[in-house]
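Here is a short report on one protein structure. Look at the sequence and the fold first, then read on.

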Amino acid sequence: MDVFEAVESRASCRAFLDRPVDAAVVRDLIGRAARAASSGNLQPWLVHAFTGEPLRALVRQVGAALPDVDPRELAGGDHPVYPEPLFEPLRRRRLENGLAIYRALGIARDDVAGRRDQFLRNYTFCGAPVGLFLTLDRRCGPGQWADVGGYLATFMLLARGHGLATCAQASWARVAPIVRPLIGLPDTELLVCGIALGHPDPDAPVNRFHAARAPLAEFARLHGFRPE
Ligand SMILES: Cc1cc2nc3c(=O)[nH]c(=O)nc-3n(C[C@H](O)[C@H](O)[C@H](O)COP(=O)(O)O)c2cc1C
């Protein structure tokens, strides 16, 4: 697979087959993704990977500890996933994306319980056989956040090279106080996001959804290039 194919075929996968991923492949991905660029070559990312019984135990324990409220309304997460309030055009993009996912799943707009259940699937890593967390020393700043983003993107694209699918999950940051003691994460480390990793379930309706992108003119300003 070349880099263009990897970029083209990567999409957030929210349903996985019950099929393990070889330990050597996971190690290879974690190690190779560290080829990502980072400012000053700081390589500030920290990776915590779970599979098998440790993953099942974690998902069980998180499930049992989740409060009855919608996790999207939980306070005290490791970082706010979105700016508050969200502004245009970001607000519109988020809204349209959410509506399109629920439409693909046949969950009605006013089906609060259905939406909550779908959101809670985040806390099972969407059934993936491998779940990872990316964390960062709290002393780090925006530059290192960007570096972790680079690691995340590189990891997700490399996974395509192994025929695997991923979903980045900032939703884990919302429940960091629950996760922290379960994985022995010190207070000095901030939970940036989770990553679900595995073989995509081709029959799951949620995986047939393809997120739209804004047209180039909406986000790029080109200077000195001849017009198309
Ligand atoms: C840092 C980050 C955090 C994300 N968190 C979540 C999440 O918690 N749950 C989820 O279902 N998708 C999550 N996503 C996936 C985005 O919703 C997805 O990338 C976006 O809708 C574009 O779709 P695509 O990845 O299929 O192209 C996240 C993506 C990124 C980059």
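## A histidine and its surroundings

Leaving aside neighbours within four places in sequence, His199 is in contact with Phe16, Leu17, Arg19, Pro20, Val21, Gly163 and Leu164. Contact means heavy atoms within 4.5 Å. His199 sits in the loop between β4 (189-198) and α9 (216-219). Helices (H or I, at least four residues) and strands (E, at least two) are DSSP runs, numbered from the N terminus. Is His199 buried or exposed? His199 counts as buried, because its relative accessibility is 13%. Buried means under 20% relative accessible area, exposed over 50%, and partly exposed in between (1.4 Å probe, protein chains only).

This is a predicted model, in which local features need pLDDT of at least 70 and side-chain atom pairs count only at pLDDT 80 or more, while totals for chains, interfaces and linings use all residues. Residues are numbered from 1 along each chain as its sequence is written, and side-chain values use heavy atoms, with hydrogens and water left out.

## The sheet

Four strands form an open sheet in the order β1-β2-β4-β3, with antiparallel pairing. The edge strands, β1 (46-51) and β3 (165-169), each pair on one side only. From one strand to the next, the twist averages 20 degrees. Strands of a sheet pair through backbone hydrogen bonds, either parallel or antiparallel. Here, two strands pair if DSSP finds at least two bridges between them.

Two of the pairings are set out below.

| Strands | Bridges | Sense | Facing residues |
|---|---|---|---|
| β3 and β4 | five bridges | antiparallel | Ala168 and Ile195 |

Four of the five residues of β3 are buried, so β3 is largely enclosed by the rest of the structure.

Helix α3 (residues 52-65) lies across β1 and β2. α3 runs at about 95 degrees to β1. Axes are lines fitted to C-alpha atoms, for helices over the stretch in contact, and angles run from 0 to 180 degrees between N-to-C directions.

## Two crossing helices

How do α2 and α6 meet, and at what angle do they cross? The axes of helix α2 (residues 23-33) and helix α6 (residues 142-161) come within 9 Å and cross at roughly 140 degrees. α2 and α6 are therefore oblique to each other. Angles under 35 degrees count as roughly parallel, over 145 as roughly antiparallel, 65 to 115 as roughly perpendicular and the rest as oblique.

On the α2 side, Leu29, Ile30, Arg32 and Ala33 take part. They meet Tyr151, Thr154, Phe155, Leu158 and Ala159 in α6. By class, this contact has seven nonpolar, one polar and one charged residues. Ala, Val, Leu, Ile, Met, Phe, Trp, Tyr, Cys and Pro count as nonpolar, Asp, Glu, Lys and Arg as charged, and the others, Gly among them, as polar.

In helix α5 (residues 112-120), the buried residues include Gly114, Gln118, Phe119 and Leu120. Their cover includes α4 (90-105) and α7 (171-174). Arg115 also lies in α5. Arg115 is partly exposed, with a relative accessible area of 22%. From Arg115 to His199 is 84 residues in sequence and 24 Å in space, C-alpha to C-alpha.

Helix α8 (residues 176-183) has Ala176, Ile178, Val179, Arg180 and Ile183 as its buried residues. β1, α3, β2, α7 and β4 are among what covers them. Gly184 follows α8, and its phi is positive, near 65 degrees.
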